[in-house]
Amino acid sequence: MRIILFITFILMFATKGFATDVSQNNVSGGNTSIQGGYSASTTYESGSSSSSTTTNNSTSNIRSAPPSAYAPGFNSSGVDVCSVGASAGIQTFGLGISGGTSFKDENCERIKLSRQLDSMGMKVAAVALLCQDERVFFAMEQAGTPCPYEGKIGKDATALWKKYNKLRHDFKLYTEKLKIIEAEKRKEELKFAKEMEKATKK
């Protein structure tokens, strides 16, 4: 009889109820934030019961770059077109701009027009057109064949270009050359004057 009472007493303590509470809160960094709670409770007594509660909140913030702004292609068409195309584009997060334009190549036009005049037998006119380039003007003068001046060629053209030197197509280069020549002449004159002074003293 005592043994039976002892076993019954032990079983009562072994089946006494106990409770478990668990909570959870997770946060992950970066562009995604996850917050939530988890709770669970379990109770055992003469019977059995279980309850579970879960709460999750999810927030996502994603930023991506907008499409790029591409500069348009700009091509000149035709064989006798002396133009150069240029284009550019810029892109930011809020705005993108692109555009293009063309530029006229005057030297290309001059060469083509001169070639056309020469093919028509207008030799002097073709040379006069090329002489609008200061490099050609200077080269012609250095070669002893000055550029035409209102129909005049050779020595007559040289005299008129010296008389009306401000009309020269290489006026800037011409004035720089004159300054150098005048400076050298002054040095020679000073040197000659010193030599004459020494000669008179002797």
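**View A. The salt bridges around Glu141.** The side chains of Lys177 and Glu141 meet in a salt bridge, with 3.5 Å from N to O, where a salt bridge is a side-chain nitrogen of Lys or Arg within 4 Å of a carboxyl oxygen of Asp or Glu. Because Lys177 lies in helix 6 and Glu141 in helix 4, this pair ties together parts that are 36 residues apart in sequence; helices (H or I, at least four residues) and strands (E, at least two) are DSSP runs, numbered from the N terminus. This is a predicted model, in which local features need pLDDT of at least 70 and side-chain atom pairs count only at pLDDT 80 or more, while totals for chains, interfaces and linings use all residues. Residues are numbered from 1 along each chain as its sequence is written, and side-chain values use heavy atoms, with hydrogens and water left out. Glu141 also forms a salt bridge with Arg168, the closest N and O atoms being 2.9 Å apart. Arg168 lies in the loop between helix 5 and helix 6 (171-201), and Glu141 in helix 4, so this pair ties together parts that are 27 residues apart in sequence. Arg168 is buried at 4% relative accessibility, whereas Lys177 is partly exposed at 25%; buried means under 20% relative accessible area, exposed over 50%, and partly exposed in between (1.4 Å probe, protein chains only).

View B. The side chains of Glu184 and Lys187 meet in a salt bridge of 3.9 Å, N to O. Being three residues apart in helix 6, Glu184 and Lys187 are separated by about one helical turn. Glu184 is partly exposed, with a relative accessible area of 41%, and Lys187 counts as exposed at 53% relative accessibility.

**View C. The disulfide of Cys82 and Cys108.** A disulfide, that is, a pair of cysteine sulfur atoms within 2.5 Å, joins Cys82 to Cys108 with an S to S distance of 2.1 Å. Cys82 lies in the loop between strand 3 (48-60) and strand 4, and Cys108 in helix 2, so the pair ties together parts that are 26 residues apart in sequence. The link of Cys82 and Cys108 is left-handed, with -55° about the S-S bond. Cys82 is buried, with a relative accessible area of 8%, whereas Cys108 is partly exposed, with 22%.

**View D. The disulfide of Cys131 and Cys147.** Cys131 and Cys147 form a disulfide with their sulfur atoms 1.9 Å apart, and both of these cysteines are buried. With -85° about the S-S bond, the link of Cys131 and Cys147 is left-handed.

**View E. The two ends of helix 2.** Asp105 caps the N-terminal end of helix 2, a side-chain oxygen lying 3.3 Å from the backbone nitrogen of Asn107; a polar contact is a pair of N or O atoms within 3.5 Å, and within protein one must be able to donate a hydrogen and the other to accept it, residues adjacent in sequence counting only if both atoms are side-chain atoms. Just after helix 2, Gly121 takes a positive phi of about 90°. Leu117 is found in helix 2, and its C-alpha atom is separated by 9.2 Å from that of Val127, 10 residues apart along the chain.
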